[in-house]
Every structure is written in structure tokens, then in C-alpha cells.
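This briefing walks through one protein model for a reader who is new to structures. Please keep the sequence and the three-dimensional view open while reading, and look up each residue as it is named.

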Amino acid sequence: GVKGDKFEFQSDNKKVLDIVINSVYKSKEIFLRELVSNAADALDKIRFQSLTKPDILGDQPDLDIRIVADKERKLLVITDTGIGMNADELKKNLGTIARSGTSEFVSLLENKNADLNMIGQFGVGFYSVFLVCDRVTVASKSNDSPHQMIWESTSENDFTIGVDPRGDTLKRGTEITLHIKDEALEFLEETRLGGLIQKYSEFITFPIYLWTSKAESYDIENDVDSENISVTVNEDGVEDVPLSTTDADTEEPKKTETRTVHSWERMNQNKPIWARKPLDLVTDDYNEFYKSFSKDSSDPMAYTHFSAEGDNEFKSILFIPKTAPPNFLQKLDLNVKNIKLFVRRIFITDETELLPRWLSFITGLVDSDDLPLNVSRETLQKHHLLKTIKSKLIAKAIEMIRTIANDETKSAEFFKQYGTAVKLGVVEDKKNKEKLSKIIRFHSSFSDDGLTTLVDYKKRMKSKQPQIYYVTGTNLDELRNSPVVEVPIARGYEVLYLVDPIDEYLLQSLILFDGTPLQSLSKAGLAYGDEDKDQESKLTAQFSGLSEWLKSTLSEYIDTVTVSTRLAKSPTAVIANKNGLSGNMEKIMNAQAL
Ligand code: ADP
Ligand code: MG
């Protein structure tokens, strides 16, 4: 064990650790993804600092990740030259700080509504190491710590922090040593390990190396007598020795022996996916990238990959997740970390608002060629080029939404997940209001199951029909059977059933669609365009006595009484006046006032 100070894990962290340690979860390999992702984050941080302060890299200018498996000692060691942690950071980051989301994760796990694969999304990915080891040691050296520190834990209860007895073996960065459990020894096998590293490192922009061994046979006589051996030098400057040769004169095999040669093998490709040509990529490439990028375990519902040319060049990939992030529309602060900003492939921040709230369900990245690198994050966030990037991203996102809305196989699911968001776009995005109002959908008397657009509604309108008719409420069946829809439906008019809570807000900004007013069936102002005015005034005169009586008797509750032709079976209906709140809106407002 390590000599030093002992600390208890924070209580939610303890619970996660307890679950991980006792888990029979099969996909234990996810620990490697979490460690690689942490190493890459740490490298991103030091690289970002070095943009404005190049000295910070000091005598450790290389930014990389190196992995070594030691089968004899059952150790797996992952080292990065990232930002490192001082004693206080080791204590807080790996033990005592409660992360927002962790307690939620615990209850999701306990109720079997989440599995450990999602651990990275909840800010506790590091603890997944306990799927494969019973002891983990973290040595770390940050620029501001006088000594290399060591953190160690063997259980869900506590951990120890002390000065590393080996001295400063790292110039800067973090070395994580896993003491692999017997049932997880497969992760020390080179092929298994190499395959996993390849999988998890493909989208990491720093080089990742694995210490590999190769059996190489060589001709023992070669060292003594090399007359039959031709030695060539290949492009890398490595000597290419033919592995086995036969003596042309005697046909007798040469005597050879095997030796093990170790080397660092680079496991990831250099070029990030967004810098590659879309034509060279297939859907699977994007799906894999999305999963590693977003930590989501499902493929995305849709993606778009594009580049902008001219004096503001950038590349971008945007994704629509398969399911909507929980409560994303309620999140008023936009630091939702959904769009990552890179400048010339260097990760800068995920806290810049690059998409408006209504599009906050979209995740992805932007890599700019023209933003400056050597300025502070604050200066960058105010840069004028960001404005153009933003509006281009919005345009591309809308294009993606429009495509999916027109795709019969995908649109129903899209509107189920994101229909409300697009309606919010109509309310909040003045510039794109018109475009978006053509995309949004509603339930309708025209079809029992599908949704309809206002565009299609208009196509089906009767020739003299002056308005688009709707009713609002919370329950679809109730609306279908409400007295106010009887007449229009009986007379062959289509009625929209607005049951989405946001619809009430939507209607306040969507008064007209393509020149046609939207008219509530339960508000004054309804017109069919084929009313028999004479008949109406005749009836009004006929029932004036009843009307007067109703009005005076109910004066406390109503404004006026009108004889109308809007009802078929029911004798009367209570409706709101033209500019008043609908009954449903009153309900919503009352609910919010609580
Ligand atoms: P997350 O990565 O979501 O923050 P983790 O549990 O994976 O959650 O890691 C917790 C924290 O520990 C990280 O936020 C980071 O501050 C710190 N950390 C983990 N690994 C490293 C590392 N290799 N280098 C520097 N800091 C690290
Ligand atoms: Mg992590």
C-alpha cells in the first residue's frame, strides 16, 4: 500500500463503486474507453493552455497516450502526458467531489433503467476500472505540484494519497496502474487489448501507442556469415531482414532462431473523421464516431457532415440522437455541452452557445480553420466569425430536420422525440419561423393515427374555407368528442387537435399560416365562409328572448350569448372570447403558477 493520508469516498461515489465492484456486468472492456477518454481530456487541457503559453509544455512537449500490459505482474499501465493532477485534484476528482448526475445514475442503476455502459455520461467513468481490477494506483504530476503524487484505492470505502516513493518518474501527466483481477486477464493479451485500443482510440486526436512484442525469427548464421543474406532498408529506415532463407546451393534450411522484439505501435489513425471526405466514409463510420463522441450507446437518428468554404472555412458534423436528452427544453442555461468547438483540430471548448435552445437536442462539432488559436476562450467566444458559423449550423440543422421530416420511415419517431422542439423553434427563432411552421405537425380529424402539417391541411381546405380550425386540450379523445368539433366535421371540415402543451404558446406567435388565420373552434370569430346570413339573423331574432334570459341569469360568468350554427348535437357550448385565454391555456397557466 501507499504511505500517505487516507480519505473516504463521497457517498454517491461510494454507491457507484459498490455497484461496479460487485457487478457481473459482461462488457468489462468499457473501462479502457473511460481511461482513454480521460487521458485525451487531460491532453486537451494542457494543449489548450499551451496555445497562449507555449512554455507550459516545458521539457515534455510530446502529447500522447502510452499503454503497456505486463502479464507477469498482471498489470495494465496507461500513461498520458496531459495536464496531470496535484494532491488536491487527485483527492477531489477521483474521490470526494459529488458530480451532478451521479445520484441519478445510482437510482437508474438500482432500478435497472441504466447499465454500466452509460457510466461515462454521469461523470464517474473512472470508477469503471473496478470492473477489471481490485487495486488501482494513479501517479500524477502536474505543473503546479512540487512532487509526483500517488493515489491508491482497493475498495469502495477509501483511498490513500501520498508522495510517490519512486520520485518524479513522470515529467508531466498521469500514469494509471491497474492490478488486473484473475477473471479479467484477457485484457493483458496483446490482440484483445490492441483491438480494444484501436476501437476506442480511433477518434482521439492524440497518438495512442501500445507496447507490443513481435516474435521475429532470424538467421543465427547471419551474424557470422552474411554472404547469402540481402539486407534492405525500407521507407521507415528500418532494416528489412528476410525472415527465413534457404541456401540456394545446398537446399538445406538455414538455422534460424526466434527473438522477441518490442516496440511502440501507434494504434490510431491520424486524421479525425470530420477532416476526411464524406465520400470516403460510410454510415457505420459516423455511427461509431457518434457513439465514442457522445457516449451514447445507440446509433444516432440522423447526421450531417459538411464544410463551409470561403473566408470562414470550417467543417462540421451534426447528429440527432435516437432519443431526446431528458428535459433538454427546460435547460435554460445553454452550457449543455452539445457542440464541441475545435480550431484547426485542437479542441477548444464545448461551452460556447453554437445552437439556440430549440436545437439543443443536436450534438456534434465544428472545426474552424480561420478562428485564432492564441487567444483566450473568452475572446474567441466573442469572435465575429462565430456568428456566421452559428447561422450556418442552424441552416444545416434545419435542412437535416426537413429531410428527416420527409422521410416516411423516420418522421413519426422524429416528431415523437423532437416535435415540441421544432414548435419551440417557431416561437423563438424569428428568422426561421416560416420555414419551421411548414415542418411542425399536429393530430387531425383527417387521420386517426398520423400527424399532419399545415401545408397538407391547406391543400385539403374547402374552396371558400377562410380559416384553419383547431381545438386545444390535453386529451386527444376528449377533443375528438368535444361538442365544438361536431359541426365542422359533420360539414366536412378538417379540425386540428392540439394536445402538445407548447401548442398554446405556439398559437400566440403563429396567428397566420401562409396567409390563412388559425381559428380556435372554442373562441369567437369562427367563420366557415358559407354561412347563411339570413338564416342566422332569423334565428337570432327568434331566440332573442332566450338569449337575454340566459345572459342576465348567468351574468356573473359570461360576457354574451350568441345564436350560432356551430353546434350539431349539443344545444349549447361555452366558448372563450376572441382574445381571451382558452380553457386549456388557463389550465396550463394555473399549473405553472403553482
Ligand atoms: P469525467 O471524465 O466525466 O469527468 P471521470 O470519472 O472519468 O469523470 O474522471 C473524473 C475526473 O478525474 C476528471 O474530470 C478529471 O478531472 C480527473 N481525471 C481522470 N483521469 C485523468 C487523467 N488521466 N489526467 C488528469 N485528470 C484526470
Ligand atoms: Mg471520464
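This is a predicted model: local features need pLDDT of at least 70, side-chain atom pairs count only at pLDDT 80 or more; totals for chains, interfaces and linings use all residues.

Residues are numbered from 1 along each chain as its sequence is written, while chains are lettered from A and ligands numbered from 1 in the order in which they are written. Helices (H or I, at least four residues) and strands (E, at least two) are DSSP runs, numbered from the N terminus.

**The strands around S444**

- Strand 17 (residues 441-444) and strand 20 (residues 495-498) run antiparallel and are joined by 2 bridges; two strands are said to pair if DSSP finds at least two bridges between them.
- Strand 17 also pairs in the antiparallel sense with strand 18 (residues 447-453), over 3 bridges, and in strand 18 the bridge partner of S444 is S447.
- Strand 17 and strand 18 form a hairpin, with 2 residues between them.
- From strand 17, R441 and H443 point one way and F442 and S444 the other way, and all are buried; a residue is buried if 20 or more other C-beta atoms lie within 10 Å of its own, exposed if 12 or fewer, and partly exposed in between, with C-beta atoms placed from the backbone.

**The protein chain as a whole**

- The protein chain has 17 helices and 22 strands, and buried residues make up 31% of its 594 residues.
- Among the contacts in the protein chain with a separation of 6 or more, 71% are accounted for by residues 24 or more positions apart, where two residues are in contact if their C-beta atoms, placed from the backbone, lie within 7 Å.

**The annotated domain**

- UniProt, in an unreviewed entry, places the feature "domain: Histidine kinase/HSP90-like ATPase" at residues 27-184; UniProt positions are given in the numbering used here, feature names are shortened, and annotations may be inferred rather than shown by experiment.
- The span of residues 27-184 is 27% helix and 25% strand, and its end C-alpha atoms lie 11 Å apart.

- Of the 16 residues around ligand 1, N38, A42, N93, G125 and F126 come nearest, and a residue is near a molecule or strand if its C-beta atom, placed from the backbone, lies within 6 Å of it.
- The elements that give two or more residues to this shell are helix 2 (30-52) and helix 3 (87-96), and helix 2 gives the most, with 5 residues.
- By class, the shell around ligand 1 has 7 nonpolar, 6 polar and 3 charged residues, where Ala, Val, Leu, Ile, Met, Phe, Trp, Tyr, Cys and Pro count as nonpolar, Asp, Glu, Lys and Arg as charged, and the others, Gly among them, as polar.

- In helix 4 (residues 102-110), T102, F105, V106 and L109 are buried.
- Seen down the axis of helix 4, these buried residues fall within an arc of 100°, so they line one face of the helix; the arc is that of the directions from the helix axis to the C-beta atoms.
- What covers the buried residues of helix 4 includes helix 1 (11-21).
- In helix 1, the buried residues are N13, K15, V16, L17 and V20, and the buried residues of this helix pack against helix 3 and helix 4.
- Helix 4 is followed by K112, whose phi is positive, near 60°.

**Strand 4 and its partners**

- Because 7 of the 9 residues of strand 4 (residues 133-141) are buried, this strand is largely enclosed by the rest of the structure.
- Strand 4 and strand 7 (residues 173-180) run antiparallel and are joined by 8 bridges, with V136 standing opposite L178 in strand 7.
- Strand 4 and strand 5 (residues 149-153) likewise run antiparallel, joined by 5 bridges, and here S140 stands opposite M149 in strand 5.

**Two loop residues with positive phi**

- R344, although it is not a glycine, has a positive phi of about 45°; R344 is found in the loop between strand 14 (339-343) and strand 15 (346-349), and is exposed, with 12 other C-beta atoms within 10 Å.
- D514, although it is not a glycine, has a positive phi of about 50°; D514 is found in the loop between strand 21 (512-513) and strand 22 (516-520), and counts as exposed with 11 C-beta neighbours inside 10 Å.
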